[in-house]
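This report describes selected local features of one structure. The sequence and the model are shown first, and the description follows.

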Amino acid sequence: MTGNHKNTSITRRRALAVAGGTVAAGGLAAAGYQSAFADTTTATTTTTATATDTSSASSGTCMQLMSSVTEGPYYLDGALVRKNITEGKSGVPLTLRLTVVDATDGCTPVPGAAVEIWHCDAWGYYSGYTTANPGGSAPAESEDGSTADDKTYLRGYQVANANGVVTFETIVPGWYTPRTCHIHLKVHTGGAKEDGTYEGGKVNFTGQLFFDDEIAESIFALEPYSKHTGGYTKLADDMVYDGGGASSGLLTLKAVHKKDPSKGYKGFLTLGIDPDAENTGAGSGGGGGTPPSGAPAPSSSPSS
């Protein structure tokens with residue numbers, strides 16, 4: 001898998017080192033609408049998250065909603081607008097399909113919403129922070145042999161289509177101490193694509209996406225993940241995931257091939273937002289996943 005971009009140079013306006021816990025305001029996340037993700041692949045294994053609420057997708061209303069959570073210590077502003085964010089990083093392929101809906105208006109699609117994601121590589125390293133210790137024992141990030149730009153890999157935006165859907169091509173993230181396997185995301189509205197990135201508007205929701213323990217552990221037994229050894233944090237012990245299933249960001253995952261996890265997965269979730277709310281996730285409370293070496297500074301600043 002490759003995701004090379006003709007212009008991997010971006011403007012870094014800020015790098016936030018945040019270790020905040022749950023931020024109880026702003027954006028909203030909802031589960032459901034899985035029928036919008038129907039495809040014709042040979043996927044045969046599905047792990048479905050069940051939210052701990054009293055409503056259901058069949059009721060015609062949005063599921064119970066959760067608040068935004070911390071953006072974490074590894075955010076970099078100015079990611080590229082692109083579908084494939086791998087840049088040659090190796091790992092188990094993941095096609096991530098997310099639907100943005102208006103939770104204040106019957107879960108109608110939000111076309112034009114910009115979904116931004118970022119996550120670590122198979123050994124727990126984030127672009128822009130490649131010298132931060134992921135915990136346990138892992139090779140240096142530079143030893144992975146990829147062609148990835150260490151300022152931009154595994155970060156990107158996609159703008160939602162008329163059905164509110166965005167699709168990313170990436171890899172399943174690895175882990176770092178003391179966090180479980182996760183993907184960060186923000187949903188923006190009101191801005192526009194400019195110079196290869198997304199500018200203006202506001203952040204309506206900041207959240208994290210999570211992976212079933214059994215699936216994550218089967219992947220971490222494979223190369224290159226297996227070169228990172230140590231104590232992987234399960235969902236029940238994670239400082240951010242609150243056990244709410246899909247309404248808390250737990251992905252529905254479908255294996256491309258049932259008996260071979262190395263072939264990859266497809267991940268689905270619906271994100272319900274309040275288009276009038278604003279929440280950057282830049283809280284300052286406790287928790288959030290600061291790595292063992294402390295809140296890092298970027299390894300280098302992306303140039304304009």
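## Cysteines and selected loop residues

The structure holds 0 disulfides, a disulfide being a pair of cysteine sulfur atoms within 2.5 Å. Cys120 takes part in no disulfide, and its nearest cysteine sulfur, that of Cys181, is 6.9 Å away. Cys181 is likewise in no disulfide; for Cys181 the nearest cysteine sulfur is that of Cys120, 6.9 Å away.

This is a predicted model, in which local features need pLDDT of at least 70, side-chain atom pairs count only at pLDDT 80 or more, and totals for chains, interfaces and linings use all residues. Residues are numbered from 1 along each chain as its sequence is written, and side-chain values use heavy atoms, with hydrogens and water left out.

Buried means under 20% relative accessible area, exposed over 50%, and partly exposed in between (1.4 Å probe, protein chains only).

| Residue | Relative accessible area | Class |
|---|---|---|
| Cys120 | 1% | buried |
| Cys181 | 0% | buried |
| Thr233 | 12% | buried |
| Glu87 | 2% | buried |
| Asp195 | 69% | exposed |

Thr233 is found in the loop between helix H1 (213-220) and strand E11 (252-255). Helices (H or I, at least four residues) and strands (E, at least two) are DSSP runs, numbered from the N terminus. Apart from neighbours within four places in sequence, Thr233 is in contact (heavy atoms within 4.5 Å) with Pro178, Arg179, Thr180 and Asp238. The side chain of Thr233 reaches the backbone oxygen of Pro178 at 2.9 Å.

Pro178 itself belongs to the loop between strand E8 (165-171) and strand E9 (182-194). The peptide bond joining Thr177 and Pro178 is cis, with omega about 5°. A cis peptide bond also runs from Glu223 to Pro224, where omega is near -5°.

Glu87 is not a glycine, yet its phi is near 55°. Glu87 sits in the loop between strand E3 (75-76) and strand E4 (93-102). Asp195, also not a glycine, has a positive phi of about 55°, and its place is the loop between E9 and strand E10 (197-210). Which of these is buried and which exposed? Glu87 is buried, whereas Asp195 is exposed.

Conventions:
Polar contact = N/O pair within 3.5 Å; in protein donor to acceptor, adjacent residues only side chain to side chain.
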